[in-house]
Amino acid sequence: MNTRDEWTRFASTLTVPSAMWLDGQWFDDPDGPRQDLVSPRTGRTAAQVPQATPAVVDRAVAGARTAFRDGRWSRIGARERGAVLLRWADLIGEHRDELAALVTLEMGKPVVQARDVELRATEATFRWYGELADKVLDEAPRGLTDALALISREPIGVVAAITPDNFPLTLSSWKIAPALLAGNSIVVKPATQSPLSLLRLAELGTAAGLPDGVLQVVTGAGGVAGSALARHLDVDCLTFTGSPEVGKRLLVCSGESNAKPVHLELGGKSPQLIFTDAPDPAAAARTVAWAITFNAGQMCTAGSRLLVQEEIAEQFVADVLAEIERTPVGDPFDPMTRIGPIASERRRADILAHARTAVAQGATPVSGSLEAGAGDGWYLDPIVCTNVRPEHDLFRHEVFGPVLAVTRFTDADEAIRLANDSPFGLGAGLWTSNLSRAHRLSRAIDAGLVWVNCYEEGDLSVPFGGRKLSGHSVDKSIHALDKFTSTKTTWIRL
Ligand code: NAP
(Lines give C-alpha, C1' and ligand atoms only; values in the text may rest on other atoms or scores of the structure.)
Protein backbone atom coordinates (compact mmCIF):
# COMPACT_ATOMS: atom_id res chain seq x y z
CA MET A 1 0.00 0.00 0.00
CA ASN A 2 1.47 3.28 -1.10
CA THR A 3 -1.10 5.98 -0.50
CA ARG A 4 -3.17 7.37 2.31
CA ASP A 5 -6.38 6.29 0.55
CA GLU A 6 -5.16 2.72 0.20
CA TRP A 7 -4.20 2.51 3.89
CA THR A 8 -7.45 4.14 5.04
CA ARG A 9 -9.51 1.77 2.90
CA PHE A 10 -7.51 -1.20 4.15
CA ALA A 11 -7.99 -0.13 7.79
CA SER A 12 -11.75 0.18 7.27
CA THR A 13 -11.93 -3.47 6.19
CA LEU A 14 -10.24 -4.83 9.32
CA THR A 15 -12.10 -6.72 12.00
CA VAL A 16 -11.37 -4.72 15.12
CA PRO A 17 -11.16 -6.91 18.25
CA SER A 18 -14.00 -6.21 20.65
CA ALA A 19 -13.46 -8.82 23.37
CA MET A 20 -10.66 -10.01 25.63
CA TRP A 21 -8.45 -13.00 24.83
CA LEU A 22 -8.77 -15.64 27.54
CA ASP A 23 -8.04 -19.37 27.46
CA GLY A 24 -7.35 -19.36 23.73
CA GLN A 25 -10.60 -17.67 22.68
CA TRP A 26 -12.51 -14.40 22.68
CA PHE A 27 -14.14 -13.69 26.01
CA ASP A 28 -16.97 -11.22 26.22
CA ASP A 29 -18.74 -10.43 29.45
CA PRO A 30 -22.14 -9.26 28.11
CA ASP A 31 -22.96 -7.38 31.33
CA GLY A 32 -19.45 -6.04 31.80
CA PRO A 33 -18.54 -2.37 31.31
CA ARG A 34 -17.18 -1.15 27.97
CA GLN A 35 -15.34 2.00 27.01
CA ASP A 36 -15.05 3.92 23.76
CA LEU A 37 -11.62 3.92 22.19
CA VAL A 38 -11.24 7.32 20.55
CA SER A 39 -8.86 7.44 17.60
CA PRO A 40 -6.17 10.13 18.02
CA ARG A 41 -6.24 10.54 14.25
CA THR A 42 -9.82 11.76 14.05
CA GLY A 43 -10.97 12.36 17.62
CA ARG A 44 -13.86 9.98 16.88
CA THR A 45 -14.77 6.60 18.40
CA ALA A 46 -12.97 3.78 16.61
CA ALA A 47 -13.88 0.81 18.82
CA GLN A 48 -15.57 -0.27 22.02
CA VAL A 49 -13.30 -2.05 24.44
CA PRO A 50 -14.46 -4.29 27.31
CA GLN A 51 -13.24 -3.24 30.74
CA ALA A 52 -12.09 -6.12 32.92
CA THR A 53 -13.55 -6.16 36.41
CA PRO A 54 -11.56 -7.73 39.27
CA ALA A 55 -13.67 -10.88 38.73
CA VAL A 56 -12.50 -11.11 35.10
CA VAL A 57 -8.90 -10.60 36.24
CA ASP A 58 -9.38 -13.49 38.69
CA ARG A 59 -10.64 -15.64 35.86
CA ALA A 60 -7.65 -14.73 33.65
CA VAL A 61 -5.16 -15.48 36.42
CA ALA A 62 -6.90 -18.76 37.28
CA GLY A 63 -6.71 -19.86 33.62
CA ALA A 64 -3.03 -18.94 33.49
CA ARG A 65 -2.37 -20.83 36.74
CA THR A 66 -4.14 -23.96 35.49
CA ALA A 67 -2.09 -23.87 32.31
CA PHE A 68 1.11 -23.45 34.32
CA ARG A 69 0.30 -26.27 36.77
CA ASP A 70 -0.69 -28.93 34.27
CA GLY A 71 2.54 -28.39 32.36
CA ARG A 72 0.98 -27.95 28.89
CA TRP A 73 3.64 -25.27 28.31
CA SER A 74 5.80 -25.07 31.40
CA ARG A 75 6.95 -28.71 31.18
CA ILE A 76 7.40 -29.18 27.45
CA GLY A 77 10.94 -28.90 26.10
CA ALA A 78 12.39 -25.44 25.60
CA ARG A 79 13.00 -26.31 21.95
CA GLU A 80 9.27 -26.94 21.47
CA ARG A 81 8.47 -23.61 23.09
CA GLY A 82 11.00 -21.94 20.82
CA ALA A 83 9.36 -23.50 17.76
CA VAL A 84 6.02 -21.90 18.71
CA LEU A 85 7.70 -18.50 19.12
CA LEU A 86 9.29 -18.91 15.68
CA ARG A 87 5.95 -19.80 14.06
CA TRP A 88 4.43 -16.81 15.84
CA ALA A 89 7.17 -14.57 14.39
CA ASP A 90 6.31 -15.87 10.91
CA LEU A 91 2.62 -15.06 11.43
CA ILE A 92 3.47 -11.57 12.68
CA GLY A 93 5.45 -11.05 9.46
CA GLU A 94 2.55 -12.31 7.37
CA HIS A 95 0.11 -9.98 9.17
CA ARG A 96 2.43 -6.98 9.35
CA ASP A 97 0.17 -4.55 7.45
CA GLU A 98 -2.90 -5.52 9.44
CA LEU A 99 -1.16 -5.19 12.82
CA ALA A 100 0.44 -1.89 11.75
CA ALA A 101 -2.96 -0.49 10.75
CA LEU A 102 -4.39 -1.47 14.13
CA VAL A 103 -1.52 0.32 15.91
CA THR A 104 -2.15 3.43 13.81
CA LEU A 105 -5.88 3.29 14.45
CA GLU A 106 -5.54 2.98 18.21
CA MET A 107 -2.61 5.27 19.10
CA GLY A 108 -1.84 7.28 15.97
CA LYS A 109 1.66 6.10 15.04
CA PRO A 110 2.44 6.83 11.36
CA VAL A 111 1.58 3.58 9.63
CA VAL A 112 4.89 3.29 7.79
CA GLN A 113 6.75 3.54 11.12
CA ALA A 114 4.32 1.07 12.70
CA ARG A 115 4.99 -1.40 9.87
CA ASP A 116 8.72 -0.84 9.36
CA VAL A 117 9.83 -0.20 12.94
CA GLU A 118 7.30 -1.51 15.47
CA LEU A 119 6.20 -4.63 13.60
CA ARG A 120 9.71 -5.53 12.46
CA ALA A 121 10.95 -5.19 16.04
CA THR A 122 8.07 -7.28 17.35
CA GLU A 123 8.63 -10.04 14.83
CA ALA A 124 12.37 -9.95 15.52
CA THR A 125 11.75 -10.27 19.25
CA PHE A 126 9.75 -13.48 18.91
CA ARG A 127 12.31 -14.81 16.45
CA TRP A 128 15.29 -13.96 18.66
CA TYR A 129 13.85 -15.63 21.75
CA GLY A 130 12.59 -18.57 19.64
CA GLU A 131 16.12 -19.11 18.36
CA LEU A 132 17.55 -18.78 21.86
CA ALA A 133 15.42 -21.66 23.17
CA ASP A 134 18.00 -24.45 23.19
CA LYS A 135 21.03 -22.25 23.82
CA VAL A 136 20.42 -21.37 27.46
CA LEU A 137 22.24 -23.70 29.85
CA ASP A 138 22.08 -24.32 33.56
CA GLU A 139 25.30 -24.45 35.63
CA ALA A 140 27.27 -26.91 37.72
CA PRO A 141 30.29 -25.63 39.72
CA ARG A 142 33.54 -27.39 38.90
CA GLY A 143 35.26 -27.02 42.27
CA LEU A 144 33.30 -29.66 44.20
CA THR A 145 34.79 -33.14 44.77
CA ASP A 146 32.29 -34.97 46.97
CA ALA A 147 29.10 -33.34 45.71
CA LEU A 148 27.41 -32.32 42.51
CA ALA A 149 25.60 -29.01 42.66
CA LEU A 150 23.14 -27.93 39.98
CA ILE A 151 22.21 -24.30 39.65
CA SER A 152 19.09 -24.30 37.55
CA ARG A 153 16.63 -21.63 36.56
CA GLU A 154 12.96 -22.51 36.68
CA PRO A 155 9.92 -20.63 35.43
CA ILE A 156 8.48 -18.39 38.08
CA GLY A 157 4.80 -19.26 37.44
CA VAL A 158 2.16 -16.69 36.50
CA VAL A 159 3.65 -13.42 35.28
CA ALA A 160 1.57 -10.25 34.93
CA ALA A 161 2.62 -7.54 32.48
CA ILE A 162 1.24 -4.00 32.33
CA THR A 163 2.28 -2.05 29.25
CA PRO A 164 1.97 1.51 27.86
CA ASP A 165 0.51 2.85 24.62
CA ASN A 166 3.56 4.20 22.81
CA PHE A 167 4.82 0.88 21.37
CA PRO A 168 1.87 -1.40 22.07
CA LEU A 169 3.37 -4.47 20.40
CA THR A 170 7.12 -4.11 20.76
CA LEU A 171 7.15 -3.35 24.47
CA SER A 172 4.63 -6.11 25.18
CA SER A 173 6.65 -8.57 23.09
CA TRP A 174 9.79 -7.71 25.10
CA LYS A 175 7.90 -9.19 28.06
CA ILE A 176 5.79 -11.89 26.45
CA ALA A 177 8.53 -13.63 24.44
CA PRO A 178 11.12 -14.12 27.23
CA ALA A 179 8.45 -14.89 29.86
CA LEU A 180 6.97 -17.59 27.64
CA LEU A 181 10.31 -18.94 26.52
CA ALA A 182 11.17 -19.47 30.19
CA GLY A 183 8.01 -21.58 30.59
CA ASN A 184 5.73 -19.15 32.41
CA SER A 185 2.11 -18.27 31.76
CA ILE A 186 1.50 -14.55 31.32
CA VAL A 187 -1.46 -12.20 31.76
CA VAL A 188 -1.03 -8.90 29.91
CA LYS A 189 -2.95 -5.69 30.48
CA PRO A 190 -2.27 -3.29 27.62
CA ALA A 191 -2.90 0.45 27.88
CA THR A 192 -6.53 1.55 27.60
CA GLN A 193 -5.58 3.51 24.46
CA SER A 194 -3.95 0.61 22.62
CA PRO A 195 -5.39 -2.86 23.26
CA LEU A 196 -6.46 -3.76 19.71
CA SER A 197 -3.16 -4.75 18.14
CA LEU A 198 -2.15 -6.83 21.17
CA LEU A 199 -5.45 -8.72 21.15
CA ARG A 200 -4.85 -9.66 17.52
CA LEU A 201 -1.26 -10.62 18.33
CA ALA A 202 -2.55 -12.96 21.05
CA GLU A 203 -4.96 -14.58 18.60
CA LEU A 204 -2.01 -15.18 16.24
CA GLY A 205 -0.13 -16.80 19.15
CA THR A 206 -2.86 -19.41 19.46
CA ALA A 207 -2.74 -19.96 15.70
CA ALA A 208 1.02 -20.51 16.08
CA GLY A 209 0.40 -23.32 18.57
CA LEU A 210 0.48 -21.58 21.94
CA PRO A 211 -1.62 -23.69 24.32
CA ASP A 212 -4.79 -22.13 25.72
CA GLY A 213 -4.45 -20.08 28.89
CA VAL A 214 -0.70 -19.52 28.55
CA LEU A 215 -1.22 -15.96 27.26
CA GLN A 216 -4.23 -14.06 28.59
CA VAL A 217 -5.05 -10.49 27.58
CA VAL A 218 -7.30 -8.46 29.86
CA THR A 219 -8.33 -5.00 28.73
CA GLY A 220 -9.47 -2.13 30.90
CA ALA A 221 -8.43 0.69 33.15
CA GLY A 222 -5.11 0.66 34.94
CA GLY A 223 -6.71 1.64 38.22
CA VAL A 224 -9.04 -1.38 38.07
CA ALA A 225 -7.64 -4.22 35.95
CA GLY A 226 -3.97 -3.22 36.37
CA SER A 227 -4.32 -2.71 40.07
CA ALA A 228 -6.17 -6.03 40.49
CA LEU A 229 -3.27 -7.81 38.77
CA ALA A 230 -0.67 -5.99 40.85
CA ARG A 231 -2.46 -6.94 44.09
CA HIS A 232 -3.31 -10.47 43.00
CA LEU A 233 -2.16 -13.13 45.45
CA ASP A 234 -1.76 -15.71 42.69
CA VAL A 235 0.46 -13.58 40.43
CA ASP A 236 4.10 -14.51 41.01
CA CYS A 237 5.86 -11.64 39.27
CA LEU A 238 4.89 -8.28 37.79
CA THR A 239 6.68 -6.60 34.91
CA PHE A 240 5.73 -3.03 34.08
CA THR A 241 6.61 -0.41 31.49
CA GLY A 242 5.13 3.01 32.10
CA SER A 243 5.37 6.13 34.19
CA PRO A 244 7.31 6.46 37.46
CA GLU A 245 4.09 7.51 39.25
CA VAL A 246 2.34 4.24 38.43
CA GLY A 247 5.54 2.23 38.92
CA LYS A 248 5.83 3.49 42.50
CA ARG A 249 2.20 2.54 43.15
CA LEU A 250 2.84 -0.97 41.89
CA LEU A 251 5.63 -1.42 44.42
CA VAL A 252 3.09 -0.57 47.13
CA CYS A 253 0.56 -3.03 45.63
CA SER A 254 3.17 -5.75 45.83
CA GLY A 255 4.14 -4.86 49.39
CA GLU A 256 0.51 -4.90 50.45
CA SER A 257 -0.23 -8.26 48.79
CA ASN A 258 2.19 -11.16 48.29
CA ALA A 259 5.52 -9.29 47.93
CA LYS A 260 5.81 -10.41 44.31
CA PRO A 261 8.90 -9.11 42.51
CA VAL A 262 8.08 -5.96 40.51
CA HIS A 263 10.25 -5.13 37.51
CA LEU A 264 10.02 -1.52 36.43
CA GLU A 265 10.89 0.14 33.11
CA LEU A 266 9.99 3.79 33.63
CA GLY A 267 10.40 7.21 32.10
CA GLY A 268 13.34 9.32 31.06
CA LYS A 269 14.72 12.79 30.41
CA SER A 270 17.62 11.74 28.26
CA PRO A 271 20.37 14.21 27.33
CA GLN A 272 22.21 14.49 24.04
CA LEU A 273 25.70 16.00 24.58
CA ILE A 274 27.05 17.75 21.49
CA PHE A 275 30.73 18.73 21.58
CA THR A 276 32.49 21.04 19.14
CA ASP A 277 34.30 18.02 17.69
CA ALA A 278 31.12 16.04 16.91
CA PRO A 279 32.26 14.01 13.87
CA ASP A 280 29.39 14.97 11.57
CA PRO A 281 27.43 17.89 13.04
CA ALA A 282 24.81 17.79 10.28
CA ALA A 283 24.11 14.11 10.98
CA ALA A 284 24.04 14.84 14.71
CA ALA A 285 21.47 17.62 14.16
CA ARG A 286 19.30 15.28 12.08
CA THR A 287 19.48 12.63 14.79
CA VAL A 288 18.69 15.11 17.57
CA ALA A 289 15.61 16.25 15.62
CA TRP A 290 14.57 12.65 15.00
CA ALA A 291 15.06 11.65 18.64
CA ILE A 292 12.50 14.20 19.85
CA THR A 293 9.97 13.87 17.02
CA PHE A 294 9.89 10.12 16.34
CA ASN A 295 6.62 8.66 17.65
CA ALA A 296 5.60 12.29 18.35
CA GLY A 297 8.17 12.36 21.15
CA GLN A 298 6.28 9.64 23.03
CA MET A 299 9.38 7.61 23.74
CA CYS A 300 10.88 6.78 27.11
CA THR A 301 14.26 7.36 25.46
CA ALA A 302 13.28 10.58 23.70
CA GLY A 303 16.38 12.77 23.53
CA SER A 304 14.51 15.55 25.28
CA ARG A 305 17.46 17.55 26.65
CA LEU A 306 19.89 18.98 24.10
CA LEU A 307 23.15 19.95 25.83
CA VAL A 308 25.30 21.74 23.29
CA GLN A 309 28.74 23.29 23.60
CA GLU A 310 28.64 27.09 23.63
CA GLU A 311 30.84 27.71 20.53
CA ILE A 312 28.61 25.75 18.13
CA ALA A 313 25.25 26.18 19.87
CA GLU A 314 23.72 28.79 17.60
CA GLN A 315 24.42 26.98 14.33
CA PHE A 316 23.62 23.56 15.75
CA VAL A 317 20.21 24.62 17.11
CA ALA A 318 19.43 26.30 13.77
CA ASP A 319 20.20 22.99 12.01
CA VAL A 320 17.96 21.05 14.42
CA LEU A 321 15.12 23.53 13.88
CA ALA A 322 15.51 23.30 10.10
CA GLU A 323 15.35 19.52 10.28
CA ILE A 324 12.23 19.64 12.48
CA GLU A 325 10.61 22.04 10.01
CA ARG A 326 11.22 19.44 7.30
CA THR A 327 9.50 16.68 9.31
CA PRO A 328 5.83 16.58 8.30
CA VAL A 329 3.07 16.33 10.91
CA GLY A 330 -0.13 14.80 9.60
CA ASP A 331 -2.54 11.94 9.09
CA PRO A 332 -0.73 8.79 10.24
CA PHE A 333 -2.27 6.80 7.37
CA ASP A 334 -0.41 9.07 4.92
CA PRO A 335 2.89 7.32 4.08
CA MET A 336 4.60 10.75 3.88
CA THR A 337 3.75 11.61 7.50
CA ARG A 338 6.62 11.41 9.97
CA ILE A 339 4.85 12.82 13.05
CA GLY A 340 1.35 11.59 13.85
CA PRO A 341 -1.04 12.82 16.52
CA ILE A 342 -0.45 12.49 20.25
CA ALA A 343 -2.04 9.28 21.55
CA SER A 344 -4.61 10.93 23.79
CA GLU A 345 -6.22 14.32 24.17
CA ARG A 346 -5.28 14.44 27.85
CA ARG A 347 -1.63 13.81 27.04
CA ARG A 348 -1.62 16.60 24.45
CA ALA A 349 -3.03 18.98 27.07
CA ASP A 350 -0.30 17.87 29.54
CA ILE A 351 2.43 18.44 26.95
CA LEU A 352 1.20 21.96 26.24
CA ALA A 353 0.96 22.69 29.96
CA HIS A 354 4.62 21.64 30.39
CA ALA A 355 5.66 23.94 27.54
CA ARG A 356 3.71 26.90 28.95
CA THR A 357 5.28 26.39 32.37
CA ALA A 358 8.73 26.37 30.76
CA VAL A 359 8.06 29.69 29.08
CA ALA A 360 6.62 31.17 32.28
CA GLN A 361 9.82 30.11 34.08
CA GLY A 362 12.05 31.90 31.55
CA ALA A 363 12.72 29.46 28.69
CA THR A 364 12.51 30.86 25.15
CA PRO A 365 10.16 29.07 22.70
CA VAL A 366 11.76 29.04 19.24
CA SER A 367 9.54 26.54 17.44
CA GLY A 368 5.99 25.19 17.66
CA SER A 369 2.90 26.65 19.28
CA LEU A 370 1.77 26.65 22.89
CA GLU A 371 -1.86 26.19 21.84
CA ALA A 372 -3.59 23.09 20.45
CA GLY A 373 -4.69 23.34 16.84
CA ALA A 374 -8.40 23.59 16.08
CA GLY A 375 -8.77 20.62 13.70
CA ASP A 376 -9.89 17.05 14.39
CA GLY A 377 -7.42 14.71 16.02
CA TRP A 378 -4.72 15.47 18.57
CA TYR A 379 -1.98 16.90 16.39
CA LEU A 380 0.81 19.03 17.75
CA ASP A 381 3.82 20.71 16.14
CA PRO A 382 7.09 19.96 17.92
CA ILE A 383 8.14 22.61 20.43
CA VAL A 384 11.73 23.68 21.01
CA CYS A 385 12.72 25.87 23.97
CA THR A 386 16.17 27.40 24.36
CA ASN A 387 17.69 28.99 27.50
CA VAL A 388 16.45 26.11 29.64
CA ARG A 389 18.22 26.05 32.99
CA PRO A 390 18.56 23.19 35.50
CA GLU A 391 16.12 24.87 37.87
CA HIS A 392 13.36 24.88 35.23
CA ASP A 393 10.77 22.12 35.40
CA LEU A 394 11.38 21.40 31.71
CA PHE A 395 14.96 20.38 32.53
CA ARG A 396 13.81 17.76 35.07
CA HIS A 397 10.26 16.61 34.28
CA GLU A 398 9.45 14.08 31.61
CA VAL A 399 7.03 15.59 29.07
CA PHE A 400 6.43 12.47 26.95
CA GLY A 401 5.85 14.48 23.82
CA PRO A 402 7.78 16.44 21.15
CA VAL A 403 9.27 19.13 23.40
CA LEU A 404 13.02 19.74 23.26
CA ALA A 405 14.84 21.65 26.03
CA VAL A 406 18.11 23.28 24.93
CA THR A 407 20.88 24.15 27.40
CA ARG A 408 24.43 25.29 26.62
CA PHE A 409 27.63 24.11 28.32
CA THR A 410 31.22 25.29 28.24
CA ASP A 411 33.34 22.19 28.95
CA ALA A 412 33.14 18.44 29.56
CA ASP A 413 32.86 18.79 33.34
CA GLU A 414 29.84 21.04 33.04
CA ALA A 415 28.32 18.77 30.37
CA ILE A 416 28.51 15.76 32.69
CA ARG A 417 27.19 17.75 35.63
CA LEU A 418 24.19 18.83 33.56
CA ALA A 419 23.65 15.36 32.07
CA ASN A 420 23.56 13.71 35.49
CA ASP A 421 21.52 16.48 37.12
CA SER A 422 18.29 14.54 36.62
CA PRO A 423 16.08 12.20 38.61
CA PHE A 424 16.13 9.89 35.55
CA GLY A 425 18.88 7.67 34.13
CA LEU A 426 17.63 5.97 30.99
CA GLY A 427 19.51 7.04 27.85
CA ALA A 428 22.16 9.52 26.73
CA GLY A 429 23.76 10.47 23.43
CA LEU A 430 27.37 11.58 23.29
CA TRP A 431 28.72 13.24 20.14
CA THR A 432 32.51 13.68 19.94
CA SER A 433 35.47 12.53 17.80
CA ASN A 434 37.77 12.33 20.79
CA LEU A 435 38.07 8.64 21.66
CA SER A 436 39.29 9.11 25.21
CA ARG A 437 36.58 11.65 25.93
CA ALA A 438 33.98 9.25 24.53
CA HIS A 439 35.21 6.49 26.86
CA ARG A 440 35.63 8.73 29.88
CA LEU A 441 32.27 10.44 29.58
CA SER A 442 30.27 7.35 28.68
CA ARG A 443 31.49 5.91 32.00
CA ALA A 444 30.65 9.10 33.85
CA ILE A 445 27.09 9.31 32.54
CA ASP A 446 24.62 7.85 35.00
CA ALA A 447 22.33 6.06 32.56
CA GLY A 448 21.55 2.51 31.49
CA LEU A 449 22.01 3.25 27.77
CA VAL A 450 24.75 5.44 26.30
CA TRP A 451 25.03 5.94 22.55
CA VAL A 452 28.21 7.42 21.10
CA ASN A 453 27.86 9.31 17.80
CA CYS A 454 24.41 7.81 17.25
CA TYR A 455 21.16 7.53 19.19
CA GLU A 456 18.59 4.84 19.99
CA GLU A 457 20.42 2.11 18.10
CA GLY A 458 20.48 -1.43 19.38
CA ASP A 459 19.99 -5.11 18.87
CA LEU A 460 18.03 -7.79 20.65
CA SER A 461 21.27 -9.16 22.07
CA VAL A 462 21.84 -6.07 24.23
CA PRO A 463 19.82 -5.12 27.33
CA PHE A 464 17.51 -2.12 27.42
CA GLY A 465 16.92 -0.50 30.79
CA GLY A 466 17.68 2.42 33.05
CA ARG A 467 18.63 3.60 36.50
CA LYS A 468 17.26 5.91 39.19
CA LEU A 469 13.67 6.95 38.45
CA SER A 470 13.90 5.26 35.03
CA GLY A 471 13.54 1.88 36.73
CA HIS A 472 15.95 -0.89 37.59
CA SER A 473 15.03 -3.72 35.28
CA VAL A 474 16.08 -4.71 31.77
CA ASP A 475 14.15 -5.86 28.74
CA LYS A 476 15.68 -7.63 25.71
CA SER A 477 18.74 -9.88 25.58
CA ILE A 478 19.47 -13.01 27.54
CA HIS A 479 19.36 -10.91 30.73
CA ALA A 480 15.59 -10.41 30.38
CA LEU A 481 15.18 -14.10 31.19
CA ASP A 482 16.50 -13.54 34.71
CA LYS A 483 13.39 -11.77 35.90
CA PHE A 484 11.13 -14.52 34.60
CA THR A 485 12.98 -17.37 36.29
CA SER A 486 13.92 -18.25 39.83
CA THR A 487 17.16 -19.93 40.79
CA LYS A 488 17.22 -23.40 42.32
CA THR A 489 20.27 -25.04 43.89
CA THR A 490 20.19 -28.83 44.00
CA TRP A 491 23.00 -30.34 46.10
CA ILE A 492 23.72 -34.02 45.54
CA ARG A 493 26.13 -35.74 47.97
CA LEU A 494 28.29 -38.17 45.95
P1 NAP B 1 1.19 5.02 32.52
O2 NAP B 1 0.13 6.02 32.71
O3 NAP B 1 2.05 4.68 33.67
O4 NAP B 1 0.45 3.70 31.97
C5 NAP B 1 1.16 2.53 31.70
C6 NAP B 1 0.26 1.34 32.00
O7 NAP B 1 -0.05 1.33 33.39
C8 NAP B 1 -1.08 1.38 31.26
O9 NAP B 1 -1.47 0.09 30.91
C10 NAP B 1 -2.00 1.95 32.33
O11 NAP B 1 -3.36 1.66 32.12
C12 NAP B 1 -1.46 1.25 33.56
N13 NAP B 1 -1.87 1.87 34.81
C14 NAP B 1 -2.24 3.17 35.04
N15 NAP B 1 -2.57 3.34 36.34
C16 NAP B 1 -2.41 2.14 36.94
C17 NAP B 1 -2.60 1.67 38.28
N18 NAP B 1 -3.02 2.47 39.25
N19 NAP B 1 -2.34 0.37 38.55
C20 NAP B 1 -1.91 -0.46 37.57
N21 NAP B 1 -1.72 -0.08 36.29
C22 NAP B 1 -1.97 1.21 35.98
O23 NAP B 1 2.17 5.42 31.36
P24 NAP B 1 1.83 5.96 29.92
O25 NAP B 1 1.43 7.38 30.03
O26 NAP B 1 0.93 5.05 29.18
O27 NAP B 1 3.26 5.80 29.27
C28 NAP B 1 4.20 6.79 29.41
C29 NAP B 1 5.27 6.43 30.41
O30 NAP B 1 5.84 5.16 30.12
C31 NAP B 1 6.40 7.43 30.32
O32 NAP B 1 6.87 7.73 31.61
C33 NAP B 1 7.42 6.66 29.52
O34 NAP B 1 8.73 7.15 29.64
C35 NAP B 1 7.26 5.29 30.07
N36 NAP B 1 7.85 4.29 29.17
C37 NAP B 1 8.98 3.63 29.58
C38 NAP B 1 9.61 2.72 28.72
C39 NAP B 1 10.87 1.98 29.14
O40 NAP B 1 11.18 0.97 28.53
N41 NAP B 1 11.60 2.44 30.14
C42 NAP B 1 9.06 2.49 27.46
C43 NAP B 1 7.92 3.18 27.10
C44 NAP B 1 7.32 4.07 27.96
P45 NAP B 1 -4.31 2.76 31.43
O46 NAP B 1 -3.88 2.87 30.04
O47 NAP B 1 -5.67 2.21 31.60
O48 NAP B 1 -4.10 4.05 32.20
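## Contacts of A147

Leaving aside neighbours within four places in sequence, A147 is in contact (heavy atoms within 4.5 Å) with W491, I492, R493 and L494. The C-alpha atoms of A147 and W491 are separated by 6.8 Å, although the two residues are 344 residues apart along the chain. A147 belongs to strand β5, strands being DSSP runs of E of at least two residues and helices runs of H or I of at least four, numbered from the N terminus. With a relative accessible area of 6%, A147 is buried; buried means under 20%, exposed over 50% and partly exposed in between, with a 1.4 Å probe and protein chains only.

The model is predicted: local features need pLDDT of at least 70, side-chain atom pairs count only at pLDDT 80 or more, and totals for chains, interfaces and linings use all residues. Residues are numbered from 1 along each chain as its sequence is written, and side-chain values use heavy atoms, leaving out hydrogens and water.

## Salt bridges

The structure holds 29 salt bridges, each a side-chain nitrogen of Lys or Arg within 4 Å of a carboxyl oxygen of Asp or Glu. One of them joins R96 and E123, at 2.9 Å from N to O. R96 lies in helix α4 (residues 96-107) and E123 in helix α5 (residues 111-132), so the pair ties together parts 27 residues apart in sequence. R96 is buried at 17% relative accessible area, and E123 is buried at 13%.

R231 forms a salt bridge with E256, the closest N and O atoms being 3.0 Å apart. Here R231 is partly exposed, at 35%, whereas E256 is exposed, at 55%.
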